[in-house]
Amino acid sequence: MNTAASHNQQPIEKRVAQQVRRDLMIFAGFIAAGFILSVNLDVIGLIHAWATDSERLQFSKIIGTVIIASVGLTLYIITRYHTHIRALRERLQTEERARRVAMHDQLTGLPNRRHLKGVLNWLLSETDGGKRLAVVMLNLDKFREFNDAHGRPAGDEMMMQVGKVLNVRAGVDGFVARLESDDFVVLLPDQAEEELMEWLSATLTAIEAPIMSGDNWLTTSATAGAAVGLVDGRDAETLLHRASLALRRAKDAHRGWFAFFKTGMDDLVRQRAMFEGELAAAVREDQIAPYFQPLVSLQDGSVRGYEILARWTHPTRGPIPPTHFIPAAEASGAICALTFNLLRRACADAANLPGTPHLSLNVSPVQLEQRDFAHELLKILEEASFPPTRLEVEITEAALVTDREAARAIVDVLQANGVRVALDNFGTGHSSLLQLRQLTFDKLKIDRSFVRAMSTDKEAAVMVRTIISMAKSLGLVVVAEGVEFEDQARALAGLGCDMAQGYYFGRAAAGADSQKTARSKALDSVAAPGLADATS
C-alpha cells in the first residue's frame, strides 16, 4: 500500500525543490526591494553627484567597480547556495534513513509496529462508514523450534520469504508489517467476510510452500486471527488486540488455520489468563500431586507397576480434571516444570511402595521438542537415587507426527540409559507400522476407546486382536488401557495381552493409598465367551 505507507512522507528531491523555490523567491524579493529602493532614492544620481563633487573618481570607474563587485558577490552567493542545497539534501537523506530504521524491520525491510499503528489509524480515519478494514495477525507455528533445528540463518531466510509471500498476497492495496519475532500483520481494506476467508486460506497455503535453503527443502506453517475495522473496533490498539485474541483462539483450536474475532473473546481470554496464573502458582508451589494407578499382569493378576497421574485440588475450585489443566500447562509452557515436579515426588513416594515396582510417566509432545529433556529427566532420577531401569516414559503418536527426529533423539538417550519407552494411545489416528519401525519401543498401549468398544463392536474387537498380534511379532509388551469390567480383562488375557490398567484393577490414588485400591486378581488365560468368537 504505497499511498498509505507514505501518506505523510514526501520524496527528498521534492522537498529540496520546494526549498529552492522558497529561497529563489526570497532572493528575488531582496533584489526587487533593492531596485525599488534605489529608484526611489535616486542612488545613481547621488553617486554621480558625490563623484563630481569629490573630483577624485570618475563616475564610470565607480559604476564598473560596483558591477564587478556585484558579479563577484553573486557568484559567491551561488556557490554558497549550492553548498547549502547539498547539505540540505544530505541532511534530509540522513533523516530519511533514520526514519526508515525507526519505522521498519531491519531483517525483512517491512514496516514495524510503530509504522503500522500510524498507517492503521490513518486508514481508519479515511475509511468511509460503509467500508470494512480487515486486520490480520499471523504467527509462524513453532518457529523457535525451527530455528533450533535448522539454525538462525535458515530462520532468517524463512522469515524474509514469508514477508515476500505476504507482500504479494496483500497486493497494491494491502499493507504488511512485521511485529516482534515471528508475528506479522496485514491490513486489507474493503474486504467482505467471504473474500477474507478465501484470502486467509490461500495465504496460509502459500506460506506452507517449501523453499530451498542450501541443500535442504524447508517448510513452515502459520496461524492467523482476523478482526474487522469499524465493526470490531475504530482505533489501532483495539483492532490489533482483538486480532491477537482471534490468533490465540485459532492456535488453541487448530494450528495452521485461522479464526475471526467474536464478541466475548475478551472475557474468555481474561478467564484463561487468570487460570494460567493460578496454574503457574500451583506448579511453582508444587501443589499438583502424583497419583498412582496400578498396572496389572493379565496372567497372574499381580501389580507390576504404576502409572503416574497428575491431580490438582484447587483451594477454592476443588478438584480440577487433568483434561483441563494439562492442555493449559502445555500451551503456557509450564508442562516441563509440572512433569519434573511430579517425577521428583513420585520417586520419593515409590520408596513406600512394596517391592520394586516400575513407574510409568506420561510425556507431552511439547517436551519432546526440548533438546535437553532427556538429560534433565535422567538428572532427576540420579538425584532421587531412582534406577532408570524402573522408569518408563509414555509418548503419544501425536508427538511422533510433530517432530519425529527430535523424538528419536530423546528416545535414544533414554533407552541408552536404561529407561523404557512405551507408545501410548495406539490406534487413535496416526498409527502406522512405519512409526514402530523408525523408533524402538519397549511397550505398546492400546487406547481405551478400543477396549471400551470391543464388547459390542466386532470391528473394534478384531482391531484389538490385530494390534496385540502385531505387537507380539515385534517383541513388544502390550498393555490395555481403560479396563473396567471382568469380561474385558478375560477377553484381553485370552488374546495374549500382557498387562492392563483401569477401574477394574484400581483407581489412581496417592502414595501408599494406591496399594489399598489396587486389586490383585488372577485371571484364567481363556477369553470370555462371546468375545473370543468375536475376535476369531
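Q: In which helix are Asp156 and Arg152 separated by about one helical turn?
A: This is a predicted model, in which local features need pLDDT of at least 70 and side-chain atom pairs count only at pLDDT 80 or more, while totals for chains, interfaces and linings use all residues. Residues are numbered from 1 along each chain as its sequence is written, and side-chain values use heavy atoms, with hydrogens and water left out. Helices are DSSP runs of H or I with at least four residues, and strands are E runs of at least two, both numbered from the N terminus. Because Asp156 and Arg152 are four residues apart, about one helical turn lies between them in helix α7 (residues 152-170).

Q: How far apart are the closest N and O atoms of Asp156 and Arg152?
A: A salt bridge needs a side-chain nitrogen of Lys or Arg within 4 Å of a carboxyl oxygen of Asp or Glu. Asp156 and Arg152 form such a bridge, and the distance between their closest N and O atoms is 3.3 Å.

Q: Are Lys445 and Glu481 buried or exposed?
A: These two residues form a salt bridge with closest N and O atoms 3.6 Å apart. Lys445 lies in strand β14 (residues 443-446) and Glu481 in the loop between β15 (477-480) and α19 (486-494), so the pair ties together parts 36 residues apart in sequence. With a 1.4 Å probe and protein chains only, buried means under 20% relative accessible area, exposed over 50%, and partly exposed in between. By this scale, both Lys445 and Glu481 are buried.
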